[in-house]
Amino acid sequence: MQTSTDRNVRGTSGAQKPRSAAAWSLIGLVYVLGALVLAMPLVLIIATGFRNGLAAWLASNLEPDTLHAIWLTVLTAIVVVPINIVFGVCAAWLVTRFRFPGRRLLMTFIDIPFSISPIVAGVVYLFLYGAQGLFGPLLESFGIKIMFTVWAIFLVSLFVTSPFVARELIPLMEQQGSEDEEAALSLGANGWQIFWNVTLPNIKWALLYGALLCTARVIGEFGAVSVVSGAIRSKTMTLPLQIELLFNDFNVAGAFAAASTLTLLAVVTIVAKGLLENKKGG
Amino acid sequence: MKKLLSGLALAAALSSPVLAQPTDILNVSYDISRELFEAVNAKFVPSYAADAGVTVTVNQSHAGSSKQAGLIKEGLEGDVVTFNQVIDIDTLAKAEYVAADWKAKFANNASPFYSLPAFLVREGNPKAINGWADLAKDGVQIIFPNPKTSGNGRYTYLAARAWATEEYASDEAKIEEYLKKVFANVPVFETGGRAATTTFVENGIGDVLITFEAEVLGTLKIAGEDKFDAVSPAVSLLAEFPVAVVDKVVDARGSRAIAEAYLNYLYSPEGQDIAGAFFHRVHEEAAVAKYAGQFPEVRLVTVEDVFGGWDKVQPEHFAEGGLLDKVFLNQ
Amino acid sequence: MATAGTIKRKHLLPGFNLTLGVTLSYLVLIVALPLSAMLLKTAGLGWSEFWRIVSSPRAMSAYWITFSSAGAAAIFNAFFGMLLAWVLVRYEFPGKRLIDALVDLPFALPTAVAGLALVTLFAPLGWYGQFLEPLGIKVHFSQLGIIAAMAFTSLPFVVRTVQPVLEDIPGDVEEAARTLGATPRQVFWRVLFPLVLPAFTAGTTLCFARAIGEFGAVVFIAGNLPGKTEIVSLLIFIRLDEHNYPAAAALATVLLAVAFLSLLLTNILQAWQLRYADKH
């Protein structure tokens, strides 16, 4: 232990080749834990999902109920992510480009959904739009239904993922400061021009990164959606809910096929994230 | 902003209420009827197309019967309900979703088929569970769904109570003591019948699963007779599976014709045959004869005989602080 | 309007009214309104009824299971996360990029999928279960399973908060300590650890907060045995199923309060971290 710290603590900027046995044993521990905790679940889902071959996997995913669940999941992402991008950009612009009373409080408020249990997120929407909720009866008298429709799924997904883009942008924009934008302003650019030509190029990778995290969460959200979905097959089932349903239908092969589809999406997310991080880094 | 609007427009286009005559209905059902209605719907759609010239879609939602009734009151737009308990439709009638005289709208108390609580035990019945008395023994782990959310679970409670009422000659103290022991032997109350089956079969928890005979025999067929045994208690409770058209919904949507045709189909020879094939006891003669062999002889008592009808059962047993709450201590 | 005008004059850049309008209306519509609907529901209960629900024995054991499991998961991740961050920052070794990428898996993978994977791994005949079961270690449907699910889904927090701080520590800090005669152990505990401590604590707190709210992964592996493996989120879900809305509202309010507290705590810790960063 002593030698390892001795050698490796020295000249700490930049990673080094491990030279001591102790260093290697730390790395070995990371290998073992990484394999057991992170790699195995991934391998298991993919291996089980494709156990009966590609054709069987495809057939399971093309089952009408599962296919619809895939479609609804994608649709939810298409609806939710752009809205939360707009919100995230607005919120980040507001709190990093202006100083105003209540700014800190607002930043905390933006963060709230991040720390709320998904079940609570579902519950609060039930108490707002359910038939016994605050607005439910009023909306119903206008013939508008939100609970147990795709609208409720969109709304809870918006709630759960609303901070994702803002959280990525705020630290970056704070750090970059507003000198560039102010220079553009003095050159006579208007607000939109400043945003499109000055700000956006500076934040585009962080923005994409935030959008990516937001997408991953929307696709995977389970607890909040399960409270408001009503579990109507081929109507309000998203893919994560469909996995539980198939599992309870004793259709384990179907559940794993759907799960492996989501896992492949997760792998794509991670790869995309790696690429974005390289871009962000320079 | 443009993206936001186009996203909303897209969503609106996808979910806007159909103003024309709808060609789909939603059947809100109990938990273990998943396979049954999948088979029914597959046959109903072509049959209705032949009769009415319209190809319809029947959507399904499954969960504990009482949970489903609650979801409908909370706004789930079911056109028909196929439940497993009278009081779950009664509560909808009280909230004016369903006609007050719903039981008279279809034959046999609006119950196209029926079943009874029965037992599924592990191969060889190692804990020797042969009847209701054995459930109160120390060291027996019982699985049945939560009576607060599941009609299935309530039938189990009522059936055990019916047996105890006979056994202890209506001595309420003894009945309660027995039921308390039974409930204390339940390690987990799942909210629906299917989750209870999964817990027992897949997760290997418990010595006996109490659920509808239809689920017991169906599970035995899927999970393997070499792993489980079905046990029929000598006496059990008639479990009617009532159906109703949700008037409030079909009138708003204009889907009454399909909804009624759907429920009538359950009474047709084909409908009854499918129900029988999925181990439900039926009324139609040909189907009764065809499937007689798969059902053991069980003496059935009814809620009317033992408890004086569902109107009394609901307030006495299932209301907050009722008789169920007295024995369901670990809820 | 007068205040808005004065504020506006202070800002050079345009867009204050627009972004303030969009941000506030969105937060009100999507976040504040639903939250107040629930708080209203809870307020309607009255204090004694609220207290009766949230202090019932079943709720108490659900809190204990939730918080102790989340605590255990956070402790596991504090060690594992610190180890990962240290090794990933300090050493070059084969497969480093792969492991670094895999750290993000728990965030990218839907929690229901994680739950399905864990329940299959730890099932009595599963890849892990077959070795653990003979040793008498039951993960499947026990509190260990809840801890495993919580630890998996909140694993990236510590790594990702500590990693950048470790990377930023200039080499000469330790160099200086070494030349002053500090032992390697002293260098780590007296020099490095205090520097990463704020980030480390913030990461662990985030991890704990996330674990408390975890639902998707836990329901698959926990087997919801009341008093044994029933977490608060699950109890809320069951109360909803039973249409016991007052109880669901009261318990959800408790979780909400915990979320606020942990948010407050992380904000304080992050402010501490910033001050630290400024000082050094």
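Predicted model: local features only at pLDDT ≥ 70, side-chain atom pairs only at ≥ 80, totals over all residues.
Biologist: How many helices and strands does chain C have, and what share of its residues counts as buried?

Modeller: Chain C contains 15 helices and zero strands. Its C-alpha trace spans about 75 × 65 × 30 Å along the principal axes. A residue is called buried if 20 or more other C-beta atoms lie within 10 Å of its own, and 50% of the 280 residues of chain C count as such.

Biologist: How many residues does each chain bring to the contact between chain C and chain B?

Modeller: Chain C contributes nine residues and chain B contributes 12 residues. On the chain C side, four are nonpolar, three polar and two charged.

Biologist: Why is B:Ser232 called partly exposed?

Modeller: The label buried requires 20 or more other C-beta atoms within 10 Å, and exposed requires 12 or fewer. B:Ser232 has 19 C-beta neighbours inside 10 Å, so it counts as partly exposed.

Biologist: Where does B:Ser232 lie, and which residues does it touch beyond four places away in sequence?

Modeller: B:Ser232 sits in the loop between β8 (228-231) and β9 (235-237) of chain B. Leaving aside residues up to four places away in sequence, B:Ser232 touches B:Ala118, B:Pro296 and B:Val298. B:Phe295 is 63 residues from B:Ser232 in sequence, while their C-alpha atoms are 9.3 Å apart in space.

Biologist: Which segments make up the two domains of chain B?

Modeller: The domain assignment gives domain 1 as 21-114 + 240-294 and domain 2 as 117-237 + 298-327. The C-alpha centres of domain 1 and domain 2 of chain B lie 25 Å apart. Their contact draws 21 residues from domain 1 of chain B and 20 residues from domain 2 of chain B.

Biologist: Which element gives the most to the side of domain 1 of chain B that touches domain 2 of chain B?

Modeller: That element is α4(B), with four residues. On this side of domain 1 of chain B, α2 (34-52), α3 (65-73) and α4 (86-94) each supply at least two residues. By class, the residues of this side divide into eight nonpolar, seven polar and six charged.

Definitions and conventions. Residues numbered from 1 in each chain as written. Chains lettered and ligands numbered in written order. Contact = placed C-beta atoms within 7 Å. Nonpolar A, V, L, I, M, F, W, Y, C, P; charged D, E, K, R; others polar. Domains from an automatic or database assignment.
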